[in-house]
Amino acid sequence: MRAGWQEVMEAYFCEILIATAPTTPRSKHTNNCREFITRLTGGQKIYQAMELERQVRATGATPLPAARYKAEFQHRLHRRIDHRLIEPCASAASHQPDTWSPVPSSCCAASARRVSSAIWQAAPIFPNVIEEAELLGLSGFFTADEGHVRIHGALREHANFSKRLVIERIVAQNGLSGPELVAFGDGFVEIEETRRAGGVAVGIASREDGGTGCDPWKARRLQDVGAHLLVSDWLQSDLLLRTLGITA
């Protein structure tokens, strides 16, 4: 649903840096933005905005607060992707399978094996995570039970949310140890934090353009930070769960 966000962020951040340092070649700004956006992918977007703020200040200019940069990025992103929110609604209304159907089928497969599941997202803030989960028909798989929260999202106060905190909470609430924790993600942060907690880290090296197969850069990045297993999508969810030793 958020595919293409890197392009939106890169174009906007380059626009800011070009206006701040117009004598620097455009290609240098582009390469610079691409490097730190990529390096910080997987965490909250505020950290990329904070890096932009730091770089603007380093030129001798007075930057806007990082929160302002993040807000403008979100505004530009939603102008690009808001139409996608309509598609799941239309699909649900017509009872037609949609382009995200492999994800619900994977959740069904996990649910049938009595796997306790949680979802987290660092990009949108918490209410947006709930909204998108409902649009995709996923919220029923992550219903809170016994007081345990199953859907997690970034907070406006970024210091109060991190993937490390979420993983620690999931481990504590469920009494997990070692490979009883399995995490799936396409960002390096969740892979690193899952390994730190002793869990099994599954890297989703999906392509942002909607094509099939792995994204080579993602695959290398996820391997480099220690993913135990790499997959390109959710289409073979039964095989994936069996590989993890999760059987009916």
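Ser232 sits in the loop between β5 (229–231) and α11 (237–243), where helices (H or I, at least four residues) and strands (E, at least two) are DSSP runs numbered from the N terminus. This is a predicted model, in which local features need pLDDT of at least 70 and side-chain atom pairs count only at pLDDT 80 or more, while totals for chains, interfaces and linings use all residues. Residues are numbered from 1 along each chain as its sequence is written, and side-chain values use heavy atoms, with hydrogens and water left out.

Leaving aside residues up to four places away in sequence, Ser232 touches Ile204, Ala205, Ser206, Gly213 and Cys214, contact meaning heavy atoms within 4.5 Å.

Side chains of opposite charge can pair when their charged atoms come close. A salt bridge is a side-chain nitrogen of Lys or Arg within 4 Å of a carboxyl oxygen of Asp or Glu, and by this rule the count comes to eleven salt bridges.

One of them joins the side chains of Lys218 and Asp186 (2.9 Å, N to O). Lys218 lies in helix α10 (residues 216–224) and Asp186 in the loop between β3 (182–185) and α9 (188–196), so this pair ties together parts that are 32 residues apart in sequence. Lys218 is buried, at 7% relative accessible area, whereas Asp186, at 36%, is partly exposed; buried means under 20%, exposed over 50%, and partly exposed in between (1.4 Å probe, protein chains only).

Another salt bridge links Glu193 and Arg196 (2.9 Å, N to O), which are three residues apart in helix α9 and therefore separated by about one helical turn. Salt bridges that share partners join Arg164, Glu168, Glu193 and Arg196 into one network.
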